[in-house]
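Please go through the sequence and the model shown here alongside the paragraphs that follow. They move from the ligand site to the sheets and then to some single residues.

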Amino acid sequence: MAKIVNSWNDWDPLKRVIVGRCDNSMIPPEEPATSEKVPVDSEMRGMWGLRPLATVERGNECLENLVKILESRGVQVDRPTPLQWNQAIGTPDFRNDSMMTCMPPRDILLTVGNEIMASANSFRCRYFEYLAYWPLMKQYFDEDPEFKWTQAPRPRLTDASYKHNYYDEKISLEERLVRTANKDFVTTEVEPMWDAADVMRMGRDLFIQHGLTTNRTAMEWFQRYYPELRVHAVNFPGDPYPIHIDATFVPLRPGLIINNPVRQLPEEQRAIFEANDWQIVDAAQPAHDEPPALCYSSVWLSMNCLVLDPKTVIVEASEVYQQEQMDKLGMNVIPCDLRDAYPFGGGLHCSTADVYREGGCEDYFP
Ligand code: ABU
């Protein structure tokens, strides 16, 4: 039997990966966690329902394009099994009028060594999204005797999980930034809640963003679950909507990280990188002033790249400044047309989840 699952970071040579699918995607109804994520002036505010079929088809075309690039580079690609995401869901603790999508996988699946763990998302609409990946998990389980198939503790997501009235139509951008600086987010601390895309894996160290989708209790849970790893909480005060670390702080290879220039890592949190001779470089400006229509994410998906190995990176095709910068940083750049998949949850890193990268658990911060 083969070893199928292994990945300790985002840069070792990639051999097998999951790429999401846009089928049946919904704009979910607002709920305590998501209303905070949809900006007040967004065209998505107050909307919900199935996403238009033409956009779903175009999003899938972009993802197929990514699959072709990966396969041409010798990377094996697995795909999830979408559900009918428009179904209403319920648990003993809450009801929601629909689910969302199986994009992007990076929010749901966290690979640490030979383990893939389904996350504990704070969005009620994402509560059952893991089911789209269960057929793959079963396959890995059958084929790899060392694979650890794990589900993090399921949050209850009762009303006690959220700060009510946290969302306020009148709140200005400046006030949002004050909240970020004060680490005042929509979730409470009654249980661990986290999106896998808030976790940056670097061998023995996990750097986890505390923000709208991941709370402090999750970090405490991670440290107890992985006593052999070191868990670091990180914050990016320049981000008015802090969700997911992968359009903010993105490692390219050992010793080199690009940092979103408007979401700088605070001085005290940079110390561990600087003490270990890591270079933190400001990422290039995005090529676009606005995200595409009906997109939750920011223009900084420009830096949401997929590293294939320490010398090769896939960057979105229209992000010419980011490509130029990667080139100057010594990376071979592969452009990939993916912008029309952004509305389904993110860029190249978001749209994927690691299954197998070569390499082991190194200590980059001894
Ligand atoms: N899923 C990554 C989104 C981050 C951002 O909007 O900047």
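**The ligand site and its surroundings**

His244 lies in the loop between strand S12 (230–234) and S13. Helices (H or I, at least four residues) and strands (E, at least two) are DSSP runs, numbered from the N terminus. This is a predicted model, in which local features need pLDDT of at least 70 and side-chain atom pairs count only at pLDDT 80 or more, while totals for chains, interfaces and linings use all residues. Residues are numbered from 1 along each chain as its sequence is written.

His244 has a phi near 75 degrees, a positive value in a residue other than glycine. His244 counts as buried because 27 other C-beta atoms lie within 10 Å. The term buried requires 20 or more other C-beta atoms within 10 Å of the residue's own; exposed means 12 or fewer, partly exposed lies in between, and the C-beta atoms are placed from the backbone.

His244 is also one of the residues that surround the ligand. A residue is taken as near a molecule if its C-beta atom, placed from the backbone, lies within 6 Å of it. By class, the shell has five nonpolar, four polar and one charged residues. In this scheme Ala, Val, Leu, Ile, Met, Phe, Trp, Tyr, Cys and Pro count as nonpolar, Asp, Glu, Lys and Arg as charged, and the others, Gly among them, as polar.

Two strands pair if DSSP finds at least two bridges between them. Axes here are lines fitted to C-alpha atoms, for helices over the stretch in contact, and angles run from 0 to 180 degrees between N-to-C directions. S13 and strand S14 (residues 256–259) pair in the antiparallel sense over four bridges, and Pro251 has Ile257 in S14 as its bridge partner.

A second open sheet of three strands has the order S4-S1-S19, again with mixed pairing. Its edge strands, strand S4 (76–78) and strand S19 (352–357), each pair on one side only. Neighbouring strands of this sheet are turned against each other by 25 degrees on average, direction ignored. Strand S1 (residues 14–19) and S4 pair in the parallel sense over three bridges, with Val17 opposite Val77 in S4. Helix H1 (residues 53–72) packs on the sheet and touches S1 and S4, and its direction makes about 165 degrees with that of S1. Contact means that the C-beta atoms of two residues, placed from the backbone, lie within 7 Å.

Parallel pairing is also found between strand S17 (residues 312–316) and strand S18 (residues 332–336), over five bridges. The chain crosses from S17 through helix H6 (residues 320–328) to S18, and this β-α-β crossover is right-handed. That term applies if, with the strands pointing away from the viewer, the path from the first strand over the helix to the second runs clockwise. Val313 stands opposite Val333 in S18.

S10 and strand S11 (residues 205–209) pair in the antiparallel sense over four bridges, and Met202 stands opposite Asp205 in S11. Two residues lie between the strands of this hairpin, where Gly203 takes a positive phi near 60 degrees. In a regular strand the side chains alternate between the two faces of the sheet. In S10, Val199 and Arg201 point one way and Met200 and Met202 the other way, and all are buried.

Some loop residues remain. Lys183, in the loop between helix H3 (173–181) and strand S10 (199–202), has a positive phi of about 55 degrees although it is not a glycine. Lys183 counts as partly exposed because it has 14 C-beta neighbours inside 10 Å. Pro104 is in the loop between strand S6 (95–96) and strand S7 (109–112), and the peptide bond from Met103 to Pro104 is cis, with omega near -5 degrees.
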